[in-house]
Amino acid sequence: MNIANWLYSAAMTAPGSPALLSGNDLRGNYLQFSQHASAIGHNLQHDYKVEPGTRVAFLMKNRIEYLIALYAVWWVGGVTVPINNRLHAKEAAWIIENSEASVLFTDAGPDSQGLSLPDSCTQIRVDTDIFDAMEDGGPELSPPLPREMDALAWLFYTSGTTGRPKGVMLTHGNLVAMSLSYTMDVDDVTSQDAFLYAAPISHGAGLYNFVHVRKGARHVIPASRGFEPAEILDLAEQHDRLSLFAAPTMVKRLVDEAKASTRDGRGIKSVIYGGGPMYLADLEDALDVLGPKFIQIYGQGESPMTITSIGREELEDRSHLKWRERAASVGTAMSCVEVRVVDASMNDLPSGTPGEVIVRGQTVMKGYWRNEKATRETLAEGWLKTGDIGYLNADGYLTLTDRSKDVIISGGSNIYPREVEEVLMRHGAILEAAVVGRPSDKWGEEVVAFVVIRTGESCDVETLEAWCKSEIASFKKPKHYEFCEALPKNSYGKILKTELRAQLKHPAG
Ligand code: AMP
């Protein structure tokens, strides 16, 4: 089944229902949304040779046309490759090349500037006459091209543990299963609801579109096209029944803004949070200020939005004896998956004993795009090895304790130390580099780099900042540098990151 059938069906059953809003401006009902997607899809097919399986990349901030163009690609059986618009141009270009995308949708924003595209990829700007003509120039509205459930729909690029991002292959069936379990485990959705795309469509927030399209709800893109707490509170008051996804650091900013402007989040229906750990004190604060609007999910690109969840009622009931333990966990397995905690030989561990979290179910990815080695390492015996460490308690609640993949989560974005270390190591003056996360009130964690300068060379913070700026996305750049004589190592020469983290907590002298 083609996931775009859901849009076609909404256009047939409720053509006049409001669908797309930019801030407070209604920009299209379900019939128009569907007609535009179908028309652009046909244009992609005829003028740009987009066929079933062809990859089409996206690099821009959230906007209405983003949603329309995504559906256009699915309409004709293509595969979308949404790219994080905060990546460096070199990183984005690598993804375009790796996915062999033949079309790239962008706008006039800075994201695609300085991007060198391969000859095989054509850029289409969604803020030009060309796109307008594509929107209107198709034949009569016709249904999406039929697709098998295991056909590829979305290549979801995650940061790589080995320095390069990996393309998670999500099928139409994965996206259907993910959306069905949303209504079972996360929230009910009706045609009266609205979803706010305050987090990037290329990542978490984009995945929420499906269930809201299926139910004929409204899709609201904030005028700022990003996460602005005051704007969100305003929009909620105007639109009512507004739900959004927010990383824990964003929840904190939203709550702080509500407190500062003495507002209570009127109009917000649900805040779905996840992507990184939420401190209990912050959750309690959020419940006090905004009320019972919170639902937590734990997932990853490889099983999107669907590993465990903990719902509104449970989080609200602070008189429950087990509230603290449960609220600090990531909840219980969602309906479409099985979750286990295992040792290195894939044996189940007793409750309370930490091990690797593994997942099996219909939401689990097909594998990594053209990366059999990584696929073999991650999908073992039919189970997805998440790289997250945690334990299950006797009631089936999962608590995450650590990450085996060494990832730093800053402002809800994953940063793999290896990626930053490789950039630093490419600088001629650096002999050794190690990158770790340090707790930060504002970002959850922030990147700190320990560097050893080669004998006879000299290098300062400004030089390293300029170097990183030329090589990687701004959010991945170290916020702080520690220059040292040598890095602490074990007898095998492995850098002891735990020691580096301890040094940050207790600086010498
Ligand atoms: P991504 O693939 O970018 O969505 O990142 C997924 C990773 O974020 C997971 O493997 C976890 O390490 C982390 N994560 C996701 N949700 C949660 C959560 N609710 N609590 C703590 N960590 C989370």
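Predicted model: local features only at pLDDT ≥ 70, side-chain atom pairs only at ≥ 80, totals over all residues.
Residues are numbered from 1 along each chain as its sequence is written, and side-chain values use heavy atoms, with hydrogens and water left out.

**The whole chain**

Show the C-alpha atoms: along the principal axes they fill a box of roughly 70 × 60 × 50 Å. Switch to cartoon and you will find 16 helices and 26 strands; these are DSSP runs numbered from the N terminus, helices being H or I with at least four residues and strands E with at least two. Of the 509 residues, 57% count as buried (under 20% relative accessible area; exposed is over 50% and partly exposed is in between, with a 1.4 Å probe and protein chains only). Among contacts (heavy atoms within 4.5 Å) with a separation of 6 or more, 67% join residues 24 or more positions apart.

Now color by charge. There are 51 positive and 66 negative side chains, and the centres of the two sets lie 2 Å apart. Lys and Arg count as positive and Asp and Glu as negative, without His and the chain ends; each charge is placed at NZ of Lys, CZ of Arg, CG of Asp or CD of Glu.

**Stop 1**

Select residues 5-13, which form helix 1; its buried residues are Trp-6, Leu-7, Tyr-8, Ala-10 and Ala-11. Their cover includes helix 2, helix 3 (64-75), helix 6 (172-186) and helix 7 (209-214).

Next, select helix 4 (residues 89-99), where Ala-89, Glu-91, Ala-92, Ala-93, Ile-95, Ile-96 and Ser-99 are buried. Just after helix 4, look at Glu-100, whose phi is positive at about 50°.

**Stop 1: two loop residues**

Lys-49 sits in the loop between helix 2 (30-48) and strand 3 (55-59). Its phi is near 55°, a positive value in a residue other than glycine, and Lys-49 counts as exposed because its relative accessibility is 58%.

Then jump to Glu-381, in the loop between strand 19 (379-380) and strand 20. Here phi is near 50°, again positive in a residue other than glycine, and Glu-381 is exposed at 64% relative accessibility.

**Stop 2: Thr-386**

Move on to strand 20 (residues 383-392) and pick Thr-386. Thr-386 counts as buried because its relative accessible area is 1%. Its side chain reaches the backbone nitrogen of Asp-388 at 3.0 Å.

**Last stop: Tyr-481**

Finish in strand 26 (residues 480-483) with Tyr-481, which is buried at a relative accessible area of 8%. Leaving out residues up to four places away in sequence, Tyr-481 touches Leu-424, Ala-449, Val-461, Leu-464, Glu-465 and Cys-468. Draw a C-alpha to C-alpha distance to Val-461: Tyr-481 and Val-461 are 20 residues apart in sequence and 6.8 Å apart in space.

Notes:
Polar contact = N/O pair within 3.5 Å; in protein donor to acceptor, adjacent residues only side chain to side chain.
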